[in-house]
Amino acid sequence: MTGAGNIEAWPQPTRAAMVRASLRVAAYPLSFAILFAALLLGTAIGPAAIGPDEVVRVLLRHILHINVQTEATADTIVWQIRFPRVLLAGLVGGTLGYAGAAYQGVFRNPLADPYLMGVASGAGLAAALVIVGPLPLMWGNISIITLAAFLGAVGAVALSYTLVARVGGVTPVSTLILSGIAISTLAVSATSYLMLTNGEDAIAVLSWLMGGFNDSSWRKMWFILPYTIPAAVVIYLHGRVLNVMQLDEQQAQQLGIDISRTQVILLVAASLASAAAVSVAGIIGFVGLVVPHAVRLVVGPDYRRLLPLSTVLGAAVLILADLGARTLVNPGELPIGVITAGLGAPFFLFLLRRQKKAYL
Amino acid sequence: MTAALEIRGLHVAYGARTVLSGIHLAVQRGEVLGLVGPNGCGKTTLIRAITRVTPWRSGEVLVGNVPVSGLSRRELAQRIAVVPQMTPLPIGYSALDVVLMGRTPHLGFLEHEGADDYAIAREALARAGAAALAERRVDELSGGEQQNVVLARALAQRTPVLLLDEPTAHLDIGHQMAVAALVRTLAHDHGVAVLAAIHDLTLASLSCDRVAVMAGGGLLAEGTPEQALTVENIERAYGVRVRVLHDAAPAPVIVPYSGGAIAP
């Protein structure tokens, strides 16, 4: 049966293969439905009860410029407070989702997340420096913390990469990972030192580090959009290439892929986008790690599906987590990380326990 | 006649250690050239260097008379396909997914695999005797089945030159013969130039048109199996004395003495 050129009959697809195929088809409409529901719930629920019909009217009036009657207070709450917050949470969650998937793909490592090369620790150190230092926190309309955090994030990744990158050759991903860990550890310890020696500002630094959306605004949206949209496009277009890169560096090159160039393109895109996300929302953990894994467990490893689905579900997850953060305790807010990790970790463990086969 | 693959004075070193010292070798269209030699003699390095995965110090490789150093990765992958030594395949992908990856050098950046690519991939799987594995996950296949999938991936590349690094290492004798027959068909009927690193000297003798014996990063002998696989060459390359039987098969059969290095 193994003779050269001997064409065998094609086997019928198994039941498991058919279930997998239908999950893949259903995954898109299902994910978008979840995202849509999260958007509506996030906008409708809050201290002031506003009915979903009113929410829809306000959104129609502002987005589609349809002239419908809206109640003035509800209009302000929905359009100026809740909707920007929900959208920002969605953008940050979506960014962390696809950036996490891209990092896992480039590094061929299930532990990779968007913070692996120093995005979070670099942003945290820069934000801490601004908070404890003499710089004003705002300069006119511009948040110095956001700008500094962005530069710190990008700087840390650039340092992690350039310190070990091999000119004219391929840098092994394990070397890049270790370099990222070294730079991150350095930045985290510097941040801790700043917090210890500036006791009066330590709480402010800590609250920035823990992240959240309680001072969301349309301005922050405009800050993240120019990074996350182009980065998403660039990364989505590399879906097929990312699949080939799951072989190993040698085989990917022998199949015609310029590994070092592709690595740089993907890391620059994913890092810029997650740097923008971190600088507007602080360090929100677990989403960029777990969402791509959860998607992979359901639809398989193909990056052409994994990347967009991680975006949509990352957005939905963070909108719902933020909803929990601001409604579960009263008065005040829970740190959003408590929700993402507190609910995300058990859910992820549940998925892992159900899984009989290795999947990454 | 222009060789399909020509290696001209290739010199490769890792730091101060020379791994290939000025190798000259040519593979013609429609020919299977076997590469034999002891562990660490540079066979794998030569295959990696030909595809520019390992950089070389001096020399040049020509594929269809075109210098490899001037080609992009993609252009190179359109001309040379490689079956590397066993490496783990990525988890969760089906055999068909992996074979379709062989179409990468023929697809534009924004292009997806079309019906043609699927047809080529399925045909390659069938040729490699792995049609039944198409929908199976590669991480659940045996080592030998995985090797056949990787061979199918190289076939799906549809290149004029095929490099194989121990393609039969994990195969039983039946599958070894099937792969050997497939490789000979590719060369003799389809004009592919094949360079195959092989450990088993008898298999090299029986399945290759010519054999090159490597030792210590250099070429010791080259010629038909009869010319290259002599008692003297094998002793110089491997440091063991063997018997070479000429009457048992159409090509020499190499048999160790019991106890290996003990000479008669």
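# Cavities, cores and a helix in chains A and B

Visitor: Which residues line the largest cavity?
Guide: The lining is made up of V32(B), L164(B), P167(B), T168(B), V179(B), A180(B), V183(B), A196(B), I198(B), L203(B), S207(B) and C208(B). Keep in mind that this is a predicted model.

Visitor: What volume does that cavity have?
Guide: About 90 Å³.

Visitor: And how many cavities turn up in the whole structure?
Guide: The search finds 5 of 30 Å³ or more.

Visitor: Back to the lining. Which element gives the most to it?
Guide: Helix α6(B), with 3 residues. Both α6 and α7 (201-207) of chain B supply at least two residues each.

Visitor: Now the cores. Which residues touch the most other members of the largest nonpolar core?
Guide: V92(A), Y103(A) and F107(A) do. That core has 159 residues.

Visitor: Which helix gives the most to this core?
Guide: Helix α3 of chain A, residues 72-107. It gives 18 residues.

Visitor: What does the second core include?
Guide: A4(B), I7(B), C41(B) and I80(B) are among its 31 residues.

Visitor: Let's switch to S279(A). Where is that?
Guide: S279(A) sits in helix α11 of chain A.

Visitor: Is S279(A) buried or exposed?
Guide: Buried. Its relative accessible area is 1%, and the cut-off for buried is under 20%.

Visitor: What lies 3.0 Å from a polar atom of its side chain?
Guide: The backbone oxygen of A276(A). Contacts of S279(A) beyond four places in sequence are T146(A), A149(A), F150(A), W208(A) and F223(A).

Visitor: New topic: α5(B). What should its span be, and why?
Guide: Helix α5 of chain B has 14 residues, 143-156. At 1.5 Å a residue they should span 20 Å. The end C-alpha atoms are 20 Å apart, so the two values agree.

Visitor: How many of its residues are buried?
Guide: 12 of the 14, so α5(B) is largely enclosed by the rest of the structure. Among the buried ones are G144(B), Q146(B), N148(B), R153(B) and A156(B).

Visitor: What do the buried residues pack against?
Guide: One partner is in chain A: α10 (249-254). The partners in chain B are β6 (80-83), α3 (95-100), α4 (115-127), β7 (161-165) and α6 (173-190).

Visitor: What comes just after α5(B)?
Guide: R158(B), which takes a positive phi of about 50°.

Visitor: Which loop holds E166(B), and what is its phi?
Guide: E166(B) is in the loop between β7 and α6 of chain B. Its phi is near 55°, positive in a residue other than glycine. E166(B) is buried, with a relative accessible area of 7%.

Visitor: What about F286(A)?
Guide: Phi of F286(A) is near 80°, a positive value in a residue other than glycine. The residue sits in the loop between α11 (259-281) and α12 (287-299) of chain A. F286(A) is partly exposed, with a relative accessible area of 26%.

Visitor: Next, L107(B). Where is that found?
Guide: In the loop between α3 and α4 of chain B. L107(B) is buried, at 4% relative accessible area.

Visitor: What is L107(B) in contact with?
Guide: Setting aside neighbours within four places in sequence, the contacts are R240(A), R74(B), H112(B), E113(B) and D117(B). The C-alpha atoms of L107(B) and D117(B) are separated by 9.2 Å, and these residues are 10 apart along the chain.

Visitor: Last one: T44(B). Where does it lie?
Guide: In helix α1 of chain B, residues 43-50. T44(B) counts as partly exposed, at 30% relative accessibility.

Visitor: Which side chains make a polar contact with that of T44(B)?
Guide: Q85(B), at 3.0 Å. D165(B) also does, at 2.8 Å.

Visitor: How many residues along the chain separate T44(B) and Q85(B)?
Guide: They are 41 residues apart along the chain, with C-alpha atoms separated by 8.4 Å.

How values were computed:
Residues are numbered from 1 along each chain as its sequence is written. Chains are lettered from A and ligands numbered from 1 in the order in which they are written. This is a predicted model: local features need pLDDT of at least 70, side-chain atom pairs count only at pLDDT 80 or more; totals for chains, interfaces and linings use all residues. Side-chain values use heavy atoms; hydrogens and water are left out. Helices (H or I, at least four residues) and strands (E, at least two) are DSSP runs, numbered from the N terminus. Buried means under 20% relative accessible area, exposed over 50%, partly exposed in between (1.4 Å probe, protein chains only). A polar contact is a pair of N or O atoms within 3.5 Å; within protein, one must be able to donate a hydrogen and the other to accept it, and residues adjacent in sequence count only if both atoms are side-chain atoms. A nonpolar core is a set of buried Ala, Val, Leu, Ile, Met, Phe, Trp, Tyr and Cys residues joined through side-chain atoms within 4.5 Å. The expected span of a helix is 1.5 Å times one less than its number of residues. Contact means heavy atoms within 4.5 Å. On a 1 Å grid over the protein atoms alone, a cavity is a set of points where a 1.4 Å probe fits but cannot get out, and a pocket is an open set with protein on both sides within 12 Å along at least five of seven lines; lining residues have an atom within 4 Å of a point. Grid points are joined across faces, edges and corners, and a volume is the space filled by probe spheres set on the points.
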